[in-house]
Amino acid sequence: MIKIENIQLNGGIDAVSSKSMAHRYLICSALSDFSSLLYIPNISDDIKMTIDCLKKLGADIKIDGRILKVIPINIDKLKKINEVLKFNMGESGTTFRFMLPVITSLLDRCEFVGRGRLPQRPIKELVDIIKKSGCLISSDKLPFKITNKFRFNNVDIRGDISSQYISGLLLCAPMQNEDVRIDIISKLESKPYVDMTIDVMKKYGIEIVQEKKSYFISKNNKYTNKGISDIIQKIEGDWSNVAFFLVAGAIGSKQVEIKGLNLNSVQGDMKILEILKKIGAKVDIDINSGVVKISKHTLEPTEIDICDIPDLLPILTVLASACIGKTRFYNISRLRLKESDRIKSSVDMINSLGGIATEEENSLVIEGKGYLKGGEVSSYNDHRIAMSSTIASIICENPVILDEENAVNKSYVNFYEDFEKLGGRYVIIDRK
């Protein structure tokens with residue numbers, strides 16, 4: 001439990017490496033034909049889960065300071081394994097949904113376990129597809145064992161539950177040894193996350209033909225890192241995580257500067273810049289240097305579609321509370337099954353801090369007063385609620401008392417270090 005003081009943040013920090021990109025680079029590197037060098041200075045708990053899974057498959061991943069050397073999986077050695085390998089997903093939904101189709105495409109027998117809310121998070125649609133291919137699965141939710149390899153060529157899948165299902169199928173498509181077609185049979189939500197997968201796969205030699213609602217991968221595709229195995233690939237900055245400090249600049253009285261961002265990124269959460277401009281913050285961008293500077297101006301309430309940017313909702317409710325008037329977030333239903341019920345936890349966070357947040361049908365409304373009172377709030381063991389509550393202290397009249405603050409380690413291990421670099425202050429207090 002920590003006590004966070006009401007202090008205005010000011011200064012500059014480097015953007016943390018993108019967790020979403022790191023997952024994809026690690027998997028593609030492990031499936032490739034040559035070793036890869038990845039620059040990932042911030043290894044979060046979720047990334048550790050993906051690394052552990054790849055190492056269990058036989059990839060050799062060596063960490064030397066901020067550089068990860070990934071020596072690929074030896075597929076021939078995997079074929080000789082007789083034991084049932086057990087894979088721990090931890091609490092990482094991304095690791096689970098990416099590695100489930102990848103692992104089952106490589107192994108005849110395997111076991112999956114997880115903890116926290118992960119066993120309750122959506123996976124049924126992906127499990128059903130794997131079952132239809134002839135795999136035997138002991139349960140529809142974690143923990144479960146799987147027998148027989150996952151093989152498919154044509155598959156229909158909904159796109160309005162989790163884009164990670166589609167990314168997982170794309171990642172394992174080149175291992176099917178036949179042409180693969182993935183058809184989306186509903187609206188595709190969080191499409192930028194699928195675009196991120198395609199972007200990284202292309203860097204590893206995979207050609208994906210996109211049509212309006214389908215993806216085609218020819219059987220001739222193979223992961224390759226030939227010619228660039230000695231080049232260090234720097235994982236770009238994480239727009240989902242820098243959003244917390246960008247909002248800090250927008251709601252505080254001093255400027256915040258973030259360095260090392262890709263202003264041409266395919267990450268959907270780069271939309272935070274558009275939202276900040278729309279709501280009235282001052283946004284200065286240097287495309288060449290990748291520097292973004294944010295400062296407060298006249299903040300005005302608005303309406304925001306959360307469909308493609310679900311991870312931004314918690315910090316945007318803090319931004320909305322700094323406005324005066326009603327801000328409405330809509331298309332929020334998929335946030336029920338994140339690390340927490342992120343609709344409920346976001347509403348509880350704002351209300352616990354003295355704001356006014358209400359849930360309506362598929363929407364969340366903030367009646368902004370321009371400030372919050374402060375008080376005690378739980379992170380619900382959700383990293384994005386923990387970080388949002390911390391940033392909310394900037395507009396609070398009294399300190400914020402935050403429980404389960406270590407949830408930030410899931411995606412942003414150095415969050416509180418960067419918070420202090422910008423002038424933030426907190427103290428650890430006894431848990432009662």
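This is a tour of a predicted model, stop by stop, with something to select at each one.

Residues are numbered from 1 along each chain as its sequence is written, and side-chain values use heavy atoms, with hydrogens and water left out. Because the model is predicted, local features need pLDDT of at least 70 and side-chain atom pairs count only at pLDDT 80 or more, while totals for chains, interfaces and linings use all residues.

**Annotated residues**

Select Lys19, Gly93, Arg121, Gln164, Arg342, Arg384 and Lys410, which an unreviewed UniProt entry annotates as "binding site". UniProt positions are given in the numbering used here, feature names are shortened, and annotations may be inferred rather than shown by experiment.

Go to Lys19, in helix α1 (residues 19-31). Helices (H or I, at least four residues) and strands (E, at least two) are DSSP runs, numbered from the N terminus. Lys19 counts as buried at 9% relative accessibility; buried means under 20% relative accessible area, exposed over 50%, and partly exposed in between (1.4 Å probe, protein chains only). Leaving aside neighbours within four places in sequence, Lys19 is in contact with Ser44, Asp46, Ile47, Thr94, Asp238, Lys410 and Ser411. Contact means heavy atoms within 4.5 Å.

Next select Asp311, where UniProt places the feature "active site" (unreviewed entry). Asp311 is found in the loop between β18 (303-305) and α10 (313-321) and is buried, at 12% relative accessibility. Leaving aside neighbours within four places in sequence, its contacts are Tyr193, Ser240, Asp269, Lys338, Arg342 and Arg384.

From there step to Arg342, in helix α11 (residues 342-352). Its relative accessible area is 0%, so Arg342 is buried.

**A four-stranded sheet**

Show the open sheet with the order β10-β11-β13-β12 and mixed pairing. Two strands pair if DSSP finds at least two bridges between them. β10 (154-157) and β12 (208-211) stand at the edges with a single partner strand each, so one side of each has no neighbour in the sheet. The twist averages 15° from one strand to the next. Axes are lines fitted to C-alpha atoms, for helices over the stretch in contact, and angles run from 0 to 180 degrees between N-to-C directions.

Zoom in on β12 and β13 (residues 214-217), which run antiparallel and are joined by four bridges. Gln210 stands opposite Tyr215 in β13.

**An enclosed helix and the core**

Select helix α6 (residues 163-172): 10 of the 10 residues are buried, so the helix is largely enclosed by the rest of the structure. Among these buried residues are Gln164 and Leu170.

Which residues of the largest nonpolar core touch the most other members? They are Phe87, Leu100, Phe112 and Leu170, in a core of 76 residues. Helix α1 gives the most to this core, with eight residues. A nonpolar core is a set of buried Ala, Val, Leu, Ile, Met, Phe, Trp, Tyr and Cys residues joined through side-chain atoms within 4.5 Å. Not counting residues up to four places away in sequence, Leu170 touches Ile182, Val194, Thr197, Ile198, Met201, Ile208, Tyr215, Ile217 and Tyr223. Another core, of 73 residues, lies apart from it and includes Leu273, Cys323, Ala357 and Leu402.
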